[in-house]
Amino acid sequence: MTNQNPTEITTTRSPYADLTFDQLHAAYQKAGASLGQAFEQDLHLRTPKGGFNLLAFLLSDQNDRPLVVNRYTGFNKDISIDAERFPGSLAKAVDDLLAFLHHENQIRSKHFERGCNLQVPLKVLDEAVVNAVAHNDWVGCGAPQVDVYCDRFEIVSFGMDPLTPQAPCQPVWPELMAVLADLGLAQGRGTGLSLLVDEYGEDVLTTPAFGVNVVALPFVLNTLYSGKFAAPLMDDVERLCDVMGDQPRTAEDLMYLMQEAHFPTLMERFVEPALARGVVVKQGESADDRKQVYLRA
């Protein structure tokens, strides 16, 4: 199949000559499709000179540009909890990343006794991630990443010109978008950015620095998701539960995680209301209040 208007992702040579595509084949099978004998030609995985191109590298098992989720305890990057990496073929990495974010999204909601009402509508979350991948400068920059704060997701796409909410929007790499559409990860209708703007307003698309595009999706933690332009809210007990995670935490741990230097304030403002609400419980009894262990209920 001839690529009538090839983009740089298909004309740039792969950094590795020997590539395998087991994960790509598995992703197509999971989607109820299959790759034929001519898949390298059909998906435009060769340069005009016949070697593997950058698209082939990104879709291969050897892809070493993982998608990353960075998690932070508060509203900024002062204290990092951890980072999750999704390596390998983008066909698998995007699917794995979306599954992780769906779980993160749902757990936050269930944990606050809101049933299965998700913080961010999944169609919005999926479109934001897919657009970050489709608009990222894979030729000159690294992979997109997701930063998770206590009140929001920020989905960062590197290197391309600032995104605009005008629809339809053409993907920077149509060959990559076509693969994502084959796998059911992208709608492929050019309406992803307008969907985000319809739900959250134009402020959801920000450009904090030259060459970096950010989609900031707020969680709605004090109220059920109510539609367009809902504001991100979180009370003190919810913030405490969010940073605790599922691990036992001493009061000293919580002081560090909550960035609270005054122990009585930690107890009065965060811990005691959480105990009263029944969303946090003590684990045993400690003579030293600072060593008392707490668990999320």
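1. Helices H9 and H11 are roughly perpendicular to each other. This description applies to a predicted model. The axes of H9, which covers residues 236-244, and H11, which covers residues 263-277, come within 9 Å and cross at roughly 90 degrees. On the H9 side, the contact is made by Asp236, Val237, Glu238, Arg239 and Leu240. On the H11 side, the residues are Arg269, Phe270, Val271, Pro273, Ala274 and Arg277. By class, this contact has six nonpolar and five charged residues, with no polar ones.

2. How many of the nine residues of H9 are buried? Eight of the nine are buried, and H9 is described as mostly covered. The buried residues are Val237, Glu238, Arg239, Leu240, Cys241, Asp242, Val243 and Met244. Just after H9 comes Gly245, with a positive phi of about 65 degrees.

3. Val130, Val133 and Ala134 of H6 meet Leu176, Met177 and Leu180 of H7. The residues of this contact divide into six nonpolar, no polar and no charged.

4. The spacing of residues along a helix deserves a brief remark. An α-helix has 3.6 residues a turn, so residues three or four places apart point the same way. The reader may keep this in mind when finding Val130, Val133 and Ala134 on H6.

5. Which residues touch the most other members of the largest nonpolar core? They are Leu24, Leu67, Leu101, Trp138, Leu176 and Leu217, in a core of 58 residues. Leu176 also takes part in the contact between H7 and H6. When neighbours within four places in sequence are left aside, Leu101 is in contact with Val69, Leu125, Val129, Val146 and Phe153. Another core lies apart from this one and has 19 residues, among them Leu257, Phe263, Val280 and Tyr294.

6. Two loop residues may be considered in turn. His44 lies in the loop between helix H3 (39-42) and helix H4 (54-59). Is His44 buried or exposed? Its relative accessibility is 15%, and because buried means under 20%, His44 counts as buried. His44 is not a glycine, yet it has a positive phi of about 60 degrees. Most residues other than glycine have a negative phi.

7. The other loop residue is Asn76, found between strand S1 (67-72) and strand S2 (80-86). Asn76 has 35% relative accessibility and therefore counts as partly exposed. Asn76 and Asp147 are 71 residues apart in sequence, while their C-alpha atoms are 9.6 Å apart in space.

8. Finally, the chain may be described as a whole. The chain has eleven helices and nine strands. Of its 297 residues, 49% are buried. Among contacts in the chain with a separation of 6 or more, 64% are between residues 24 or more positions apart.

Note on methods. Residues are numbered from 1 along each chain as its sequence is written. This is a predicted model: local features need pLDDT of at least 70, side-chain atom pairs count only at pLDDT 80 or more; totals for chains, interfaces and linings use all residues. Side-chain values use heavy atoms; hydrogens and water are left out. Axes are lines fitted to C-alpha atoms, for helices over the stretch in contact, and angles run from 0 to 180 degrees between N-to-C directions. Helices (H or I, at least four residues) and strands (E, at least two) are DSSP runs, numbered from the N terminus. Angles under 35 degrees count as roughly parallel, over 145 as roughly antiparallel, 65 to 115 as roughly perpendicular and the rest as oblique. Contact means heavy atoms within 4.5 Å. Ala, Val, Leu, Ile, Met, Phe, Trp, Tyr, Cys and Pro count as nonpolar, Asp, Glu, Lys and Arg as charged, and the others, Gly among them, as polar. A nonpolar core is a set of buried Ala, Val, Leu, Ile, Met, Phe, Trp, Tyr and Cys residues joined through side-chain atoms within 4.5 Å. Buried means under 20% relative accessible area, exposed over 50%, partly exposed in between (1.4 Å probe, protein chains only).
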